[in-house]
Number of protein chains: 2
Amino acid sequence: MAKALERSIRERVPTLLTDLYQFTMAYAYWRSGRHNEPAVFELFFRDNPFGGGFSLFSGMHDCLLFLRSFRFTDEDVEYLRSVLPPATDPAFFLFLRELDCSGVTLHSVPEGTVVFARVPLMEVSGPLAVVQLLETSLLCLVNYASLVCSNAARFRLAAGSRRKLLEMGLRRAQGPDGGLTASRYTYVGGFDMTSNVQAGFLFGIPVAGTMAHSYVTSFSSLEEVWPQTLVAANGDHDNIDLISLTKGWLGRVCELLGAESGKIHEGELAAFLSYAIAYPHNFLPVIDSYSVTCSGLLNFCAVALSLFELDYSPLGVRLDSGDLCRQSVEVRHVFRLCSEQFSIPAFQSLLIVGTNNISEYSMAELNKKENEIDVVGVGTHLVTCTRQPSLGCVYKLVEVRGSPRMKFSEDPEKSTVPGRKAVYRMLDTEGHPFLDLLCLCEEPAPKACVAVRCHPVVGNKTCQSITPSQVSCLRLEVYTKGQITQPLCSTAETREKVQSSIQTLHPRHKRLQEPDSYIVAVSEKLRNLIAEIRKGSSNNSNFLLAN
Amino acid sequence: MAKALERSIRERVPTLLTDLYQFTMAYAYWRSGRHNEPAVFELFFRDNPFGGGFSLFSGMHDCLLFLRSFRFTDEDVEYLRSVLPPATDPAFFLFLRELDCSGVTLHSVPEGTVVFARVPLMEVSGPLAVVQLLETSLLCLVNYASLVCSNAARFRLAAGSRRKLLEMGLRRAQGPDGGLTASRYTYVGGFDMTSNVQAGFLFGIPVAGTMAHSYVTSFSSLEEVWPQTLVAANGDHDNIDLISLTKGWLGRVCELLGAESGKIHEGELAAFLSYAIAYPHNFLPVIDSYSVTCSGLLNFCAVALSLFELDYSPLGVRLDSGDLCRQSVEVRHVFRLCSEQFSIPAFQSLLIVGTNNISEYSMAELNKKENEIDVVGVGTHLVTCTRQPSLGCVYKLVEVRGSPRMKFSEDPEKSTVPGRKAVYRMLDTEGHPFLDLLCLCEEPAPKACVAVRCHPVVGNKTCQSITPSQVSCLRLEVYTKGQITQPLCSTAETREKVQSSIQTLHPRHKRLQEPDSYIVAVSEKLRNLIAEIRKGSSNNSNFLLAN
């Protein structure tokens, strides 16, 4: 599939898919001869999403493919000629036509790593005009991938490791590619399966799903069931009349449960029978099209008992409306009764799948309320990240021609941290990360068991001295001279990285509600640089006196 | 561009981009010989988004292209073979390989029309297996397009018609295609421009943008300005030293405003000068990289005055942080002072662009607070639809083989309205729509000035008799026998439809906060049908007695 992904990146992220101001700036740089000055940008976000204590970094894989394929076509350049101001020098378009990312180097936190607000996730260095042009596309590829991956990881933490999680948000995403990105990165974040077939095809994600209500309501009578027979799974070749067999079981089920047969829907039974005949090994119907207790559950039990009699193993049921917890308990109770009454041990452990507008909150509730749900399907709240639908990554200039740059802004929290940096993660004696340190890249790396002074980036906390038990460097060179310099991970490999990265987190940072805030700090040297630039900036107008 | 769109629909919406259960259901239909039974689905949403009184219908254009290109490749079919249960009959895959939408007919509300909850937006009829397979893709194409278009329309209503609106959300959307869809449909919903170049290229949307903070902070001294001269716009060919000229103006501006020159940023002035030399006709810098009043505004005025002196017309400024209203008032005040002092009338009406995390709420506030903002740029809240990030369109079966179908569900509001319908919009004497009526399609159309009895779909309101002054039919046949049967509208044409459709709305329905709810009702006949089905459903078990 690697080739299909590479092919599709140009279609998905055409080089014109960026903001117009990237081109007007590139032109102004080019016009003043500054376009090749070495420049460094950093990509980071300002707040951990969802009121949580951490985020996950995703989307780098696509960024690398994008860098490798970055080029303007003649058609692109012609369009740009039509929208840039008429004053634009025609030679600029020749310059654009020749551009590529062979001069760009990307250093990055490894994809799938737990990250925190204000830590630079990627450092993009290269010719000023080119690294500026990359801004919007890189942000677009990282922002949502990281957000939805983090959201999925929170759902996973809320669900606990026992329950299986199915992503099914394609129809509610921001168009086709939003849906595909969601399926990919929710799997990376800890989901087990997706309903999205194309995501299975491209990324090897396990796909799942059986039937919608429309399938059930499309049937109205048992006459629509065809064929009506099924051969037993045990190798006996006789055709068994599944309708008669199931009618018999339905009578016994009604008797066992003291259920009125008057409310049972014939069309629903017909739908279940047809599906069971088509897929006797994969019988998992949705049972709330009419009424779970008065019809769907009874019909399911009857068909499932027939299948068991013919040596098949039905899978379970799906609940898609109403109070899922309460219903799952009732359903399990009936499964147990059938299991005992008809001596079928496997009946009591049939799967119960719940899918009804599940949010992180309702997922967490599942662990507090009595319920018997084995698999949870999540759509809207997962893919749209209802609680915070944007991560807010930004891309800021930190150095030009070796000289650090800083933006002050009217909002203090929009100020940037200047200079080219190294980023280290400090671990405590138990291996939990407890502080990320931003240093200038020329500083020596902090050492394990050696005290280091640092200054938290956010808040008015004063200088502190910390002594890490271990130090890990958070940055890899992943792209340089037109080449991807690290092996690309498969979706499944990145998923494993995510899980092991989350596992290193201390519970106080991992907690979904009111986590302790993780400290991101700058070194003494970096802090001095900031102070110096601020001072220089308020004393800056000698130029007015000069000629 | 029509061809590029058509080409891209297969890339954007591959036929596998759907939920797995569409294939398991299609197989079960095929297996029981029901796949060609004529079936009818309806696509609708259950609640108007954003707590508002209406929505807009968008996305049909892409649905049509999708239907026309719908086909499975050999590679698709091979993948399906690998994920469908092994019991799947191999002949089913040959069936899939031959499928297309030549048997499908699509009736639809015209794209760009104001619509309301519970009104069927599209009716998809054709062979049961095929129309079922289309579900997820059609939902995915309509859901977000309609949502973001409706969101844009609300921003437009909140902003009033005077202010220009710029969409700039690409970096915060759900990946590349989410961003492109957002740019396209926010323009349709009433925005004037986008920052997204690819959206300009594909859909002819006006593009806008000048510079980011990184451009400003990349400069540190006037020595980086090159060339330093500019030729006047009036045809005089002398090269004018723009730096000296601007220094002179800066001194005069400081004097006029009583400003300290000590806080003016040399790098910022260098950035403005470089940009002005590159694009003297398009000078609109971002002025808050350091401090608006102490640096950015002064530098802007000096460069703008130089440009005016050389007969150019600078455009204005952008504010991107802090209290936009207050700053815009201060900026306009300074513009007026300069205009008077230096006798340049155009100076007082320079544009002020505001871009700082604008929401619908803060947009509405702009009309209450004193401010001087001419153009508003909106990103995150617009494209992610923070307030409600999903429209929740659903696709429900209403008829099979001429017989109506209905889902009851454990949640009453998830019940569906059965039967193949006609949809009429009732207008009052002033031409405002006041009720949408769903009838069975065999019923005669309601007539202007003739009373008709109807039953609101939602709530316990009783039957009412209404007399419309005009009646319009809300449905067009747009696709049949493999052909698109209506001319496809350009993005700009759909945008005009949206504006005129919104204009017909009565203010009580158009109001952004607490609008009156618009009535969607069913005819007497349709209501009787629902009652009949409900009754039949609770009396349904004779089949248990039969053989």
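Start by colouring chain A and chain B separately: about 10900 Å² is buried between them, and carbon and sulfur atoms give 59% of that area. Keep in mind on this tour that the model is predicted.

Next, select the residues where the two chains meet. You will find 128 residues of chain A in contact with 128 residues of chain B. On the side of chain A that touches chain B, helix 2 (residues 20–31) of chain A supplies the largest share, ten residues. That side of chain A divides into 60 nonpolar, 45 polar and 23 charged residues.

Now for the salt bridges: six link chain A and chain B. To see one of them, select Asp19(B) and Arg171(A), whose side chains meet at 2.9 Å, N to O.

Zoom in on the start of helix 14 of chain A, where a side-chain oxygen of Asp323(A) comes to within 3.1 Å of the backbone nitrogen of Cys325(A). Then show the buried residues of this helix, among them Leu324(A), Val331(A), Phe335(A) and Cys338(A). Which elements do the buried residues pack against? Select helix 11 (242–257), helix 13 (292–309), strand 10 (316–319), strand 11 (351–354) and helix 15 (360–366), all in chain A.

Last stop: Ser343(A), which follows helix 14 of chain A and has a positive phi, near 55°.

How values were computed: Residues numbered from 1 in each chain as written. Chains lettered and ligands numbered in written order. Predicted model: local features only at pLDDT ≥ 70, side-chain atom pairs only at ≥ 80, totals over all residues. Heavy atoms only, no water. Contact = heavy atoms within 4.5 Å. Buried area = accessible area lost by both parts, 1.4 Å probe. Salt bridge = Lys/Arg side-chain N within 4 Å of Asp/Glu carboxyl O. Helix = DSSP H or I, 4+ residues; strand = E, 2+ residues; numbered from the N terminus. Nonpolar A, V, L, I, M, F, W, Y, C, P; charged D, E, K, R; others polar. Buried < 20%, exposed > 50% of the residue type's maximum accessible area, 1.4 Å probe, protein only. Polar contact = N/O pair within 3.5 Å; in protein donor to acceptor, adjacent residues only side chain to side chain.
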